[in-house]
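The following exercises are to be worked through with the sequence and the coordinates at hand. Each task is followed by a solution in steps.

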Amino acid sequence: MWLKSYLDFSADRPMWAYLADDLIASHVPKACRPSQPELRLNTFLQNWNPKVRNLPNELKGMVNVAKKYGLRLEGLAFSRNIMRSVPMWDHPHARRKELSRLCYQSKVTTCLRSNHRARTVGDFERLASTLDEPGHRPSAECECAGCMSLENNDVCEHPHECCTRARQMIATLPGKWNPTVRQPEDYEEATMGEIQAQLAESSFAPFDRRVTTYGDLGQAFRIFTGADPVSNTGISMEIDEDGSRLEVATDGSCTHNGEANARAGAGVFISDDNILNCSVRVPAYIDQSNQTGEAIATLTA
Ligand SMILES: [Zn+2]
Ligand SMILES: [Zn+2]
Ligand SMILES: [Zn+2]
């Protein structure tokens, strides 16, 4: 339960969790990257690891449990709110070499860190948007509203360079973690609404196509016991507008449901003699039950 409160990033986050952040960030191996402690925001949200044996016992236990159970950020798709809350420095899903090359200590990275105080993907996205400011020119002398505000509020002498670097850093993020590209969040509610309206008069139940995880960052953590890498390519759940509609009936069935010798199957039916009609057995490595039959039928369809 320690872990759950530690990974609560809402306003209810307990005070000890902030102290834990500092303790974990300051107990690291000598060669740890990022080398600035203030950029080591959270070991579970970035690639760096603390020197666990030097931590106080409670934190040692918490970090070990999380590592043992493969705690990580995972899901099919995330809301931009979640993507924007992930630290940009040492981002766990960025193309790592490219990102670390862009983060080498320099005038620009120091300015991003110390003057702009940029930490999260959201901070960098805001900086990068200055490049789209009306009247912006690619020069340190630019006097557009965006550049002027960065010069005055962040005491930056080269806003164009900083904002360009911010954009390059965001570009190292794969589709699933990049808030500047199209996401299922942009259309899934509207699509669901349309489908519900179309089916309102019928006896069909709409299939819930929504895949986005909403809420705050804490909701995006999952436990994985396997070490299999997960795809970071953004998924598209958009419906092909030119496609035609097809009514499909699916069903699962199971003999001896709930018993050891249960055998489950699935069927997909479109119309009499349709070549797409099919029936499959639920593979032996999946639980044999009526529910898995139903799920496999939907998947097959
Ligand atoms: Zn400008
Ligand atoms: Zn700057
Ligand atoms: Zn059924």
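A residue is called buried under 20% relative accessible area, exposed over 50%, and partly exposed in between. By this scale His256, with a relative accessible area of 42%, is partly exposed. The model is predicted.

**Exercise 1. Backbone geometry**

Determine where His256 is found and what its phi is.

Solution. 
Step 1. His256 is found in the loop between strand 5 and strand 6 (263-269).
Step 2. The phi of His256 is positive, about 55 degrees, although His256 is not a glycine.
Step 3. For context, most residues other than glycine have a negative phi.
Step 4. Asp90 also deserves attention: it is not a glycine, yet its phi is positive at about 60 degrees. The loop that holds Asp90 runs between helix 4 (80-85) and helix 5 (96-102).
Step 5. The relative accessible area of Asp90 is 15%; because this is under 20%, Asp90 is buried.
Step 6. A further backbone feature is the cis peptide bond that joins Arg33 and Pro34, with omega about 0 degrees. Pro34 has its place in the loop between helix 2 (15-26) and helix 3 (57-68).

**Exercise 2. Salt bridges**

State how many salt bridges a search of the whole structure finds, and describe the burial of the partners in selected pairs.

Solution. 
Step 1. The search finds 14 salt bridges. In general, side chains of opposite charge can pair when their charged atoms come close.
Step 2. One of the pairs is Arg13 with Asp21, at 2.8 Å from N to O. Arg13 has 9% relative accessibility and counts as buried; Asp21 is buried as well, with a relative accessible area of 15%.
Step 3. Asp208 forms a salt bridge with Arg210, in which the closest N and O atoms are 3.0 Å apart. Asp208 is partly exposed at 41%, and Arg210 counts as partly exposed at 38%.
Step 4. Glu74 and Arg72 meet through their side chains in a salt bridge of 3.8 Å, N to O. Here Glu74 counts as buried at 4% relative accessibility, whereas Arg72 counts as partly exposed at 23%.
Step 5. Arg72 and Glu74 are linked with Lys176 in a network of salt bridges. Lys176 is found in the loop between helix 9 (159-170) and helix 10 (188-199), and it counts as buried at 3% relative accessibility.
Step 6. Sequence separation and spatial separation can be set side by side for Lys176 and Glu143: they are 33 residues apart in sequence and 35 Å apart in space, C-alpha to C-alpha.

**Exercise 3. Surface patches**

Which residues form the negative surface patch, and which form the nonpolar patch?

Solution. 
Step 1. The negative surface patch is formed by Glu194, Asp240, Glu241 and Asp242.
Step 2. Asp242 has its place in the loop between strand 4 (221-223) and strand 5. Its relative accessible area is 74%; because this is over 50%, Asp242 is exposed.
Step 3. The nonpolar patch consists of Leu246, Val248, Ile275 and Leu276, which together have about 430 Å² of accessible area.
Step 4. Val248 is found in the loop between strand 4 and strand 5. Val248 counts as partly exposed at 31% relative accessibility, and patch membership requires over 30%.

Definitions and conventions:
Residues numbered from 1 in each chain as written. Chains lettered and ligands numbered in written order. Predicted model: local features only at pLDDT ≥ 70, side-chain atom pairs only at ≥ 80, totals over all residues. Heavy atoms only, no water. Patch = residues over 30% accessible without salt bridge, like charges linked within 9 Å, V, L, I, M, F, W, Y side chains within 5 Å. Areas by Shrake-Rupley, 256 points an atom, 1.4 Å probe, with all protein chains shown as cover. Salt bridge = Lys/Arg side-chain N within 4 Å of Asp/Glu carboxyl O. Lys, Arg positive; Asp, Glu negative; His and termini not counted. Charge placed at Lys NZ, Arg CZ, Asp CG, Glu CD. Helix = DSSP H or I, 4+ residues; strand = E, 2+ residues; numbered from the N terminus. Buried < 20%, exposed > 50% of the residue type's maximum accessible area, 1.4 Å probe, protein only.
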